[in-house]
Amino acid sequence: MKFSELGLNDALLKAIKRSGFEEATPIQAETIPLALEGKDVIGQAQTGTGKTAAFGLPILQNLDKKEKAIQAVIIEPTRELAIQTQEELFRLGRDEKARVQVVYGGADIGRQIKSLKHHVPAILVGTPGRLLDHLKRKTIDLENVNTVVLDEADEMLDMGFIQDIESILSYAKNRNQVLLFSATMPKPILHIGEKFMHNPEIVKIKAKELTADLIEQYFVRAKESEKFDIMCRLIDVQGPDLALVFGRTKRRVDELTRGLQARGYNAAGIHGDLSQARRMSVLKRFRAGKLDILVATDVAARGLDISGVTHVYNYDIPQDPDSYVHRIGRTGRAGKNGISVTFVTPNEIGYMRTIEQLTKKKMTPLRPPTDDQALRGQLKQAESQIEDLLKADLSKYEDEANELLENYSALDLVAAFLKNLSKDSTDVKVKITPEKPLPYKGNGRHHGRGGRGHGRRRGNYNNHRRGNDNHRHGGNHGRRNRGEKRGSNHDFVIKKKD
Ligand SMILES: Nc1ncnc2c1ncn2[C@@H]1O[C@H](COP(=O)(O)OP(=O)(O)OP(=O)(O)O)[C@@H](O)[C@H]1O
Ligand SMILES: [Mg+2]
C-alpha cells in the first residue's frame, strides 16, 4: 500500500521518500491509520518489517508543535536500540523539527539532565532503568505524555522489566494511547500488556512462519569441542559480508572474539560488561562495515537494524525460542536475503525442535565443510586478496619478481603464493572453554518452563540474563570481502501472506 493513502502529512511523506521507502509494509499499512486515530494498538510482525516507522510516524504526526513538554515516551530494552530508534525518529521528523531525545544507562546522567532542561524533547526514547532514574530525580516529567510505546513489548512485559514498566506507566498517568510492538508476542505476555490498554486493536501480520521469510535457516550438529573449527570453516566457505555470532555468556563472547582474532578475522565483541563507550564504538565500526564479525550476547538479539548483515551464527543455541526469532532476524531485513546457522550439540536437539515448533519452520541440516570445500573457500578469499594487492604500487618488487620468473615457472610461483595466502585458519589452535549443553527435559518443556500456552516462566533465562548480561539498569546499578557476497537483494516488497 502507498504511504500517501494512510493519512500521513506531506512533511512525513517527504521524509519517507527521502528514506527510500516506496511502499508501506503490511504492519505499517494496518497500524498507522489506527495509531493516527489515537487507538491503542498491539502490532506483531516479522523482524525487519518496519515496526519502528509503524509507531514512529503516527507519533510524529500527532505531536503538538507548540507544546513544550514530553508528549511521547518510547521504551526500548537495550541502549543501542534506544539510540537507533531515536535516530530513526529524528530522521523521519527532521522536516518538522521534531525534538527527539534519548536517555540510556552507562552515559553521563549529568549531561543528559542538562540537555533535557535546555531542550525539552517532544519524544523521549529510553531504556527503563535510566528513564526511572530521571523520573525519580524529577529531571523528566511525563504528566503531558499522550502516547507510550513498548517496543519489543514481550521483552518489556516479561519478568525482567515488568516492574520498571509499571512504574514508568504510573508517571505517565494522563496517557491516552499505549502501543506495543514486537515480532514475537506470546499470549500470556499479551494479556499482561492488555491490562495497561483500552480496547486495543490487535494487528498480527499473518505469515506462514514466525521468522522472517528471507532467511535460510540451517543447523549444524556438532560436539561442543568441534564447534569453533566448524564455524571458522563455514565463515571461510560462506564468505559473509557482515556476520553476527551469538554466544550464550559474556565469557563465551570474549573467548570467541579472541579466538576469531587469533585466526585473523576482523572481529570484536559486545556484551553487558563492556563500557558503554566501548559498546558504541564496536557497533559503530560494525555498522560502517569496518568490522566483519560482531560477536555478541543476547544484548544484540533484538531490534538492531544493521544493513549488510548476511549471516547470523548461533554458536550457542538460544535458551529461549523467542530469542532465536530475534537473533536470526538481524539478517534478512527490509527485503534482503540472509542465512542463519545454529550449532546444536547432540543433547540440544530437543531445544532445536522446540524452536522449530514455535517458528513453524524446519532448519535445514548443514554438513561441516569438507577439507576440500574449506580449501576452495580459502582459495576464493586468497583470490580476492590478490585482486586487492594488485591495486597497490608494486614497482619496488619488480626486480626480484623478474629474477624469480627466470628461475621458476609463473604457474609454480602463483601456486606457491596461493598456498601461502590460503592457509587453513584452523591451523591456529584455539580453545574455547566448554559450556554445559542445555539440559533438555522433553515435551518442549525445559527448565521447568511451561511450553507455550502453559504460562511462560522464564526463570532460568532471566536469572542468566540478569546475572550475566545485565543491561537493564545500565551503569546505575580483516576479513571483509573474503569471498563472494551472498544474498541477492530483492526489491523490498513484503507480501502479506494468508
Ligand atoms: N516501508 C518501508 N520500505 C522500505 N524499507 C523500510 C520500510 N519501513 C522500514 N524500512 C526499513 O526497514 C528496516 C527494518 O525496519 P525496523 O528496524 O523498523 O524493523 P522491525 O520490524 O522493527 O524489526 P525488529 O523486529 O527486528 O525490531 C529499517 O532499515 C527501516 O529503515
Ligand atoms: Mg524493531
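This is a predicted model: local features need pLDDT of at least 70, side-chain atom pairs count only at pLDDT 80 or more; totals for chains, interfaces and linings use all residues.
Buried residues account for 48% of its 498 residues.

Visitor: What makes glutamate 152 count as buried?

Guide: The cut-off for buried is 20 or more other C-beta atoms within 10 Å. Glutamate 152 has 24 C-beta neighbours inside 10 Å, and therefore counts as buried.

Visitor: And asparagine 199, why is that residue called exposed?

Guide: Exposed requires 12 or fewer such neighbours. Asparagine 199 has 7 inside 10 Å, so it counts as exposed.

Visitor: What is to be noted about the phi angles of these residues?

Guide: Most residues other than glycine have a negative phi. Glutamate 152 is not a glycine, yet its phi is positive, about 50°. Asparagine 199 is not a glycine either, and has a positive phi of about 35°.

Visitor: Where do glutamate 152 and asparagine 199 lie?

Guide: Glutamate 152 is in the loop between E5 and helix H7 (153-156). Asparagine 199 is in the loop between helix H9 (187-194) and E7.

Visitor: Why are H2 and H3 called roughly parallel?

Guide: Angles under 35 degrees count as roughly parallel. Helix H2 (residues 26-36) packs against helix H3 (residues 51-62) at about 25°, their axes being 9 Å apart. The two helices are therefore roughly parallel to each other. The crossing of H2 past H3 is right-handed.

Visitor: How do you know that H2 and H3 meet, and which residues are involved?

Guide: Two residues are in contact if their C-beta atoms lie within 7 Å. On the H2 side, Ile27, Gln28, Thr31, Ile32, Ala35 and Leu36 make contact; on the H3 side the list includes Ala53, Phe55, Leu57 and Pro58. By class, this contact has 9 nonpolar, 4 polar and 1 charged residues.

Visitor: What makes H13 roughly perpendicular to H14?

Guide: The range for roughly perpendicular is 65 to 115 degrees. Helix H13 (residues 321-328) and helix H14 (residues 349-359) pack at about 70°, with axes 9 Å apart. H13 is therefore roughly perpendicular to H14. Pro321, Tyr324 and Val325 in H13 meet Thr354, Ile355, Leu358 and Thr359 in H14. That contact has 5 nonpolar, 2 polar and no charged residues.

Visitor: What makes E3 and E7 the edge strands of their sheet?

Guide: The sheet is open, with 7 strands in the order E3-E4-E2-E5-E6-E1-E7 and parallel pairing. Strand E3 (100-103) and strand E7 (201-204) each pair on one side only, and are the edge strands. On average, neighbouring strands of this sheet are turned by 15° against each other, direction ignored.

Visitor: How do you know that E5 and E6 pair?

Guide: Pairing needs at least two bridges. Strand E5 (residues 147-151) and strand E6 (residues 177-182) have 5, in the parallel sense. Valine 148 stands opposite valine 178 in E6.

Visitor: How is E1 joined to E6 and to E7?

Guide: E1 pairs with E6 in the parallel sense over 4 bridges, and glutamine 44 has serine 182 in E6 as its bridge partner. To E7, which runs parallel, E1 is joined by 4 bridges, and valine 41 stands opposite glutamate 201 in E7.

Visitor: Which way do the residues of E1 point?

Guide: In a regular strand the side chains alternate between the two faces of the sheet. Val41 and Gly43 point one way from E1, Ile42 and Gln44 the other way, and all are buried.

Visitor: What makes E10 and E14 edge strands?

Guide: They belong to an open sheet of 7 strands in the order E10-E11-E9-E12-E13-E8-E14, with parallel pairing. Strand E10 (267-270) and strand E14 (364-365) each have a single partner strand, so one side of each is left without a neighbour in the sheet. E10 and strand E11 (residues 293-296) pair in the parallel sense over 4 bridges, with isoleucine 270 opposite alanine 296 in E11.

Visitor: Which strands does H12 lie across?

Guide: Helix H12 (residues 276-287) lies across strand E9 (242-246), E10 and E11, and runs at about 135° to E10.

Technical notes. Residues are numbered from 1 along each chain as its sequence is written. Chains are lettered from A and ligands numbered from 1 in the order in which they are written. Axes are lines fitted to C-alpha atoms, for helices over the stretch in contact, and angles run from 0 to 180 degrees between N-to-C directions. Angles under 35 degrees count as roughly parallel, over 145 as roughly antiparallel, 65 to 115 as roughly perpendicular and the rest as oblique. A crossing is left-handed if the near helix is turned anticlockwise from the far one by less than a right angle, and right-handed if clockwise. Ala, Val, Leu, Ile, Met, Phe, Trp, Tyr, Cys and Pro count as nonpolar, Asp, Glu, Lys and Arg as charged, and the others, Gly among them, as polar.
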